Each structure stands twice: as C-alpha cells, then as structure tokens.
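Please read it with the structure open.

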Amino acid sequence: MGGVAIRQAKQSLVTALDLLSRNDSFNIIAFDDETESLFSLSRTANSKNIIQAKHWLSNLEAGGGTNMYPAIAQSLQQSTSENNYRQVIFITDGSVGNEDELFTLIEGNLGNTRLHTIGIGSAPNGYFMSQAAKVGRGTYRYIGSLNEVNEQMTQLLSQISQPLMQNINLIWPAEKVEVFPQSIPDLYSGQPLLISARWPIDDKEQKNPVIKVSGQLAATLWQEQVVVPQIINQKKTKSSANRGIDNGVAQWWAR
C-alpha cells in the first residue's frame with residue numbers, strides 16, 4: 001500500500017478516532033509482511049489515547065507485502081473478561097490469494113464480533129472484501145478517493161455504533177433449507193437486511209408455511225412470523241417467462 005492508498009487509510013482511521021465516544025475502547029493493528037499493534041490490549045477512547053494513536057499513525061509507512069492472516073486472527077482474539085459489543089473494521093487495498101483460508105479463519109473465530117471491510121485504492125479485491133463482510137456478519141464499503149473518506153467513515157461509524165437489531169435468528173418450516181447469507185448480520189439503520197432461502201416442497205407440508213423470526217431489539221426480545229404463500233406445480237411456459245415473473249430465487253440458484 002503506497003501513495004494515495006496509504007493516505008486514504010490513514011485519513012480513514014483519523015476520522016474514525018474522532019468519532020469515538022468516551023464509552024468506546026479501541027486498538028489499531030497494522031500489517032504488511034509482519035503485524036504490529038498500537039496497544040497490547042484495547043484502551044479507552046480518551047483524549048490521551050487518541051493523541052497517542054494519531055501520532056503512531058503519522059509515523060506509519062507503507063512497505064512489504066499483504067499478509068492478512070495474522071492481522072485478522074489477532075483482531076478477532078477476545079479476552080475472557082471482554083463482554084463488549086466488538087466491531088472490527090478491516091481496511092486494505094491489497095489483492096488476496098488465500099481467500100478460502102481467510103474465510104475459514106473468520107468463520108471459526110468470529111464469536112460475537114462483527115467484521116466490517118473497507119476497500120480503498122484503485123483495485124481492491126471486491127469479491128474477498130464483500131464476502132468477508134458477509135462471513136463476518138458485517139458491512140462492506142469502498143472508498144474511491146480522499147474526498148469520500150470523511151463521509152463514508154462517518155456513515156459507517158454512525159451505522160454500526162447503534163445496530164437496530166442484533167442476534168437475528170430464523171426458524172424455517174423445513175429441515176433441509178439453503179440460506180444466503182448463512183451467517184445473518186445485524187440490522188443497521190439505512191441498510192436493508194436481505195435473506196434468501198429455498199427448500200423442497202413436501203406434499204405433507206402445510207400449504208402456507210411459516211418462518212419464525214426473532215432478534216434482540218435493545219434489551220427486548222422481538223419476534224415475528226412470516227407466512228410464505230405457495231404456488232405448487234406451477235408450469236413455467238414461454239409466455240410466463242416473457243411476463244417477467246421473478247421471485248428473486250434465480251439470483252442465487254441460477255443453473
């Protein structure tokens with residue numbers, strides 16, 4: 001990472017630091033071939049620690065390669081005494097060659113953490129960044145220029161600091177259900193939560209199956225039921241295809 005990209009990354013972090021409240025704690029992890037942390041453990045976002053972080057950032061230089069694995073592994077480590085709602089914001093412009101390995105790492109160590117990704121520079125790996133955010137139950141953003149840094153980071157920090165609903169769970173009307181995304185993220189203000197699923201129709205199944213949805217709304221348990229109307233034995237003809245019938249399923253299960 002060099003040139004404009006490192007300036008974007010630094011400015012993103014400075015903006016994020018300025019948006020933290022005194023109730024927050026934070027840490028910064030930099031990586032190239034090696035991984036380096038600002039603090040050994042997260043610290044309170046008081047003025048002293050913020051000033052120290054900005055000074056540390058100003059001395060950060062680009063160089064080396066892009067070894068993401070140790071940095072992501074370290075960011076997902078959580079002490080047994082830490083019960084706070086943890087958000088990890090992962091910023092890079094780098095290409096990724098070990099995507100599957102990183103997805104496995106995130107999925108196996110995420111716990112109650114949320115991983116948000118930000119792609120910067122001219123050619124970040126958009127596939128990895130968007131998929132990592134899905135596996136990490138977070139969000140993905142792209143910052144294309146320095147002029148966008150303040151707006152994008154302000155929106156992100158505002159969005160993730162107060163999730164509208166957490167720990168969303170769905171109970172499906174069938175045992176064999178394919179679901180995307182498999183790890184359901186939290187619901188954030190201004191961003192719809194879309195979940196696609198399909199399951200085989202059973203002749204013994206009720207005509208209008210019910211999906212049970214629940215989640216944590218502040219300190220309250222929220223529950224709702226969604227009735228799914230069935231259209232059984234529908235024959236798709238050439239004329240029906242031309243009418244533009246689309247229930248969204250083809251977007252995921254195209255053949």
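**Notes on the predicted model**

1. Strands E5, E6 and E7 form an open sheet, in the order E5-E6-E7, with parallel pairing. Its edge strands, each pairing on one side only, are E5 (87–92) and E7 (140–143). On average, neighbouring strands of this sheet are turned by 20° against each other, direction ignored. Strand E6 (residues 114–120) runs parallel to E7 and is joined to E7 by four bridges. Ile118 has Arg141 in E7 as its bridge partner. Two strands pair if DSSP finds at least two bridges between them. Helices (H or I, at least four residues) and strands (E, at least two) are DSSP runs, numbered from the N terminus.

2. On provenance: this is a predicted model, in which local features need pLDDT of at least 70 and side-chain atom pairs count only at pLDDT 80 or more, while totals for chains, interfaces and linings use all residues. Residues are numbered from 1 along each chain as its sequence is written, and side-chain values use heavy atoms, with hydrogens and water left out.

3. The protein chain holds eight helices and 12 strands. Of its 255 residues, 33% are buried. Buried means under 20% relative accessible area, exposed over 50%, and partly exposed in between (1.4 Å probe, protein chains only). Among contacts between residues at least 6 apart in sequence, 60% join residues at least 24 apart. Contact means heavy atoms within 4.5 Å.

4. How does helix H1 cross helix H6? The axes of H1 (residues 4–19) and H6 (residues 149–161) come within 9 Å and cross at roughly 45°. That makes H1 oblique to H6. Axes are lines fitted to C-alpha atoms, for helices over the stretch in contact, and angles run from 0 to 180 degrees between N-to-C directions. Angles under 35 degrees count as roughly parallel, over 145 as roughly antiparallel, 65 to 115 as roughly perpendicular and the rest as oblique. The crossing of H1 past H6 is right-handed. A crossing is right-handed if the near helix is turned clockwise from the far one by less than a right angle, and left-handed if anticlockwise.

5. In that contact, H1 contributes Gln8, Gln11, Ser12, Thr15, Ala16 and Leu19, which meet Val149, Asn150, Met153, Thr154 and Leu157 of H6. The residues of the contact of H1 with H6 divide into five nonpolar, six polar and no charged. Here Ala, Val, Leu, Ile, Met, Phe, Trp, Tyr, Cys and Pro count as nonpolar, Asp, Glu, Lys and Arg as charged, and the others, Gly among them, as polar.

6. The axes of H1 and helix H2 (residues 47–58) come within 11 Å, crossing at roughly 180°. H1 is therefore roughly antiparallel to H2. From H1, Lys10, Leu13, Val14, Leu17 and Asp18 meet Ile50, Ala53, Lys54, Leu57 and Ser58 in H2. The contact of H1 with H2 comprises six nonpolar residues, one polar and three charged.

7. Another open sheet of three strands has the order E8-E11-E12, and its pairing is antiparallel. The edge strands here are E8 (166–171) and E12 (220–227), each pairing on one side only. Neighbouring strands of this sheet are turned by 15° against each other on average, direction ignored. Eight bridges join E11 (residues 210–217) to E12, and the two run antiparallel. Val210 has Val227 in E12 as its bridge partner. Of the eight residues of E12, the number buried is zero, so E12 lies largely in the open. The hairpin of E11 and E12 has two residues between the strands, and Ala218 in this hairpin takes a positive phi near 60°.

8. Not counting residues up to four places away in sequence, Val213 touches Ile168, Asn169, Leu170, Trp222, Gln223, Glu224 and Val226. The C-alpha atoms of Val213 and Trp172 are separated by 8.9 Å, with the two residues 41 apart along the chain.

9. Some backbone geometry deserves a check. Most residues other than glycine have a negative phi, and most peptide bonds are trans. A cis peptide bond joins Phe180 and Pro181, with omega about -5°. Pro181 lies in the loop between strand E9 (178–180) and strand E10 (196–198). Arg137 has a positive phi near 60°; Arg137 is in the loop between helix H5 (126–135) and E7, and is buried at a relative accessible area of 15%. Asn167, in strand E8, has a positive phi near 50° and is partly exposed, with a relative accessible area of 36%.
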